[in-house]
Amino acid sequence: MGVSEAARRTVRRRVLWPSWGLISVAALLFAAGLEVPGWAEYAPFALSFVLFGLPHGALDHLAVPRLLGREPWPWPVLAVGLLYLVLGGLYLALWFVSPVAAFAFFISLTWFHWGGGDLHALVAFVPEGLAYPADRTHRALVAVARGGLPMLVPLLAHPESYRAVAESTVGLILDDASGLSWPFAPGFRLYAGVSFALLVAVALAYGYVSAKGRGSLAAWRVDAAETALLAAYFALVPPVLAVGLYFCLWHAPRHIARLVLLDGASAVALEGGRLPLARFFRDAAPLTLAALALLLGLYATLPGTGTSAAALLALYLVLISVLTLPHVVVVSFMDLEQGLWSRET
Ligand SMILES: CC1=C(/C=C/C(C)=C/C=C/C(C)=C/C=O)C(C)(C)CCC1
Ligand SMILES: [Fe+2]
């Protein structure tokens, strides 16, 4: 992946280190017994309207032409717009037809997307020349392991809160959302937990052997430390807070760094040690506002909406899900184009 060492260094200093620090502090505070009032758990999702979460996807229409070195207007922007309209529209229809399937699909999609995001960050932002993870098998293992940390560990450690979010989201459409019980039962969680722990162990063991052979153990250590940190974090921190903070402080900033690198002038600033965000926010503003308008539209349309924090989060999750499907297509296109799945690097 053609990211210079100077740019990687800036991303590590301005994006990775802060996220490691903040996520560690949160994990330590909750390990020490911190308790927060219920409303505070929702704060990161509320902040994600502006603080990196929602805006990180609002540049998809510019990311593709920047990657391809084309003028954004008219075809790339129109194509991405159409993609959002068609896939977003179909997914919204699925929420009405089968909210349980739509919710399950959302978890799988996020698993794939957040796992892929972490994989990309490892490949693109570890010191140049370390080539980690080096082959496709290892990359797939890393993506599945990393996506499972935010999507599965909260289910294992805090099934009741997970279930409450699932039920209030499905409850936006169904009157009675209590049919969704088996994923939260101890038997399933034990089975899922053991399988996932094995998968993570295999990913790390594979990575260790591969990295040792290539002299890239320094990158493996970053991977292992991030994996351990996130596993502890999602086990300790209440899920709504944990997932919200991860979205704003971990996933979105890594993706924004990736976008900044696609923009010539901003990439130069990054190489010079700065992380130029003004241009990012300017570019992201129109579609972030459009997403907010869509949220109001959903509020008026979905049958079970309410104004409690839980009901508003549920609504926001439906919005995010509908926007995430086309976002994942765009990001997957970027992954392919940037060689994330090419045979070797
Ligand atoms: C809030 C929350 C959940 C789901 C969050 C999801 C699925 C968020 C997806 C965000 C995306 C895809 C952002 C785009 O990059 C869980 C895990 C059900 C339980 C705990 C609280
Ligand atoms: Fe994303």
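**Close-up views of a predicted model**

**View 1. Histidine 255 and its contacts.** Leaving out residues up to four places away in sequence, histidine 255 touches His56 and Gly117. This is a predicted model. Histidine 255 sits in helix α10. Is histidine 255 buried or exposed? Histidine 255 counts as buried because 23 other C-beta atoms lie within 10 Å, and the cut-off for buried is 20 or more.

**View 2. Histidine 251 in helix α10.** Helix α10 also holds histidine 251. Which residues does histidine 251 contact, leaving aside its neighbours within four places in sequence? They are Trp114, Gly117 and Tyr246. Histidine 251 has 22 other C-beta atoms within 10 Å, so it is buried too.

**View 3. The annotated histidines together.** The unreviewed UniProt entry carries a "binding site" annotation. According to that entry, the annotation covers His56, His113, His251 and His255. These residues are spread over 200 residues of sequence, yet they cluster in space. The largest C-alpha distance is 13.1 Å.

**View 4. The bend in helix α1.** Helix α1 spans residues 5-31. Where does α1 bend? The bend is at arginine 12, and its angle is about 40°. Just after α1 comes glycine 33, with a positive phi of about 100°.

**View 5. The buried side of the story for α1.** The buried residues of α1 are Ala7, Arg8, Thr10, Val11, Val15, Leu16, Ser19, Ile23 and Ala27. What covers them? The cover includes α5 (99-125) and α9 (217-236). It also includes α10 (239-262) and α11 (264-271). Helix α10 is also where histidine 251 and histidine 255 are found.

Technical notes
Residues are numbered from 1 along each chain as its sequence is written. Chains are lettered from A and ligands numbered from 1 in the order in which they are written. This is a predicted model: local features need pLDDT of at least 70, side-chain atom pairs count only at pLDDT 80 or more; totals for chains, interfaces and linings use all residues. The bend at a residue is the angle between axes fitted to the seven residues ending there and the seven starting there. Helices (H or I, at least four residues) and strands (E, at least two) are DSSP runs, numbered from the N terminus. A residue is buried if 20 or more other C-beta atoms lie within 10 Å of its own, exposed if 12 or fewer, and partly exposed in between; C-beta atoms are placed from the backbone. Two residues are in contact if their C-beta atoms, placed from the backbone, lie within 7 Å. UniProt positions are given in the numbering used here, feature names are shortened, and annotations may be inferred rather than shown by experiment.
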